[in-house]
Each structure stands twice: as structure tokens, then as C-alpha cells.
Amino acid sequence: MKTTIQEKDGKYFATLEGELDTAAAVEVEKVLQPLYNTNGKDVIIDCQHLEYIASSGLRILLSLLKGAMAGGSKVTLRNVNDDIKNVFRLTGFINLFEFE
């Protein structure tokens, strides 16, 4: 699993690549930790190369969303494939996040 963060144009851009399973969740959470408090900057998460997401990955994204919203920011998921979007539908998370 590869996770990167960049700041550009007053926003944070995160990229998730690979399988966000239980084994990868601890490291991904450490990398994304700075995004839990974004000081009003919006967060865009590019999921184009995300192949799989487990419940532990959903928990990380939900925590990130709660932290960002508390600071007045929004979180947008970009380039989510149909399989992963279906996981969001089945869990009800589809209504919590913005998708592009």
C-alpha cells in the first residue's frame, strides 16, 4: 500500500494506491494523521489506484472526515472505481462522502 500527501493551491491531496486492508491500515493511518486537522483546508483523496478497502480502511476515512468537518473542511473522494464505490454503498458511507 502506498499513501502520499501533497499540499497545493490551499488544499491537501492524498493518493491511495494498492489494497487498504487490515495489515496496511496502521501505516496508512500514520501517513494520513496530519489530515485529521486541516485548519480549514479541503482534502481531496485520489482513489484511482486503490484496489481494495477493508472495514479498517473505511474507519480511517471516516475519522479523517470527522476531523476535517470539525475544522470546517470537506473531504472529496476522486476516481473511485465501481467495486470500491459499491463497498461505500453497502455500508451507507456513500451518503457521508462527496465523490468526483
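Val43 is buried, at a relative accessible area of 0% (buried means under 20%, exposed over 50%, partly exposed in between, with a 1.4 Å probe and protein chains only). The model is predicted, so local features need pLDDT of at least 70 and side-chain atom pairs count only at pLDDT 80 or more, while totals for chains, interfaces and linings use all residues. Residues are numbered from 1 along each chain as its sequence is written, and side-chain values use heavy atoms, with hydrogens and water left out.

**Val43**
- Val43 sits in strand β3 (helices, H or I of at least four residues, and strands, E of at least two, are DSSP runs numbered from the N terminus).
- Not counting residues up to four places away in sequence, Val43 touches Tyr12, Leu35, Thr38, Leu64, Lys74, Val75 and Thr76 (contact means heavy atoms within 4.5 Å).
- From Val43 to Ala25 the C-alpha distance is 19 Å, at a sequence separation of 18 residues.

**Thr76**
- Thr76 belongs to strand β4 and is buried, with a relative accessible area of 2%.
- Residues up to four places away in sequence aside, Thr76 touches Val43, Ile44, Ile45, Glu98, Phe99 and Glu100.

**Nonpolar core**
- The largest nonpolar core has 27 residues, and those touching the most other members include Leu16, Leu64 and Phe97 (such a core is a set of buried Ala, Val, Leu, Ile, Met, Phe, Trp, Tyr and Cys residues joined through side-chain atoms within 4.5 Å).
- Elements giving two or more residues to this core include β3 (43-53) and β4 (75-78), and α2 provides the largest share, 6 residues.
- Beyond its neighbours within four places in sequence, Leu64 contacts Leu32, Leu35, Tyr36, Val43, Ile45 and Val75.
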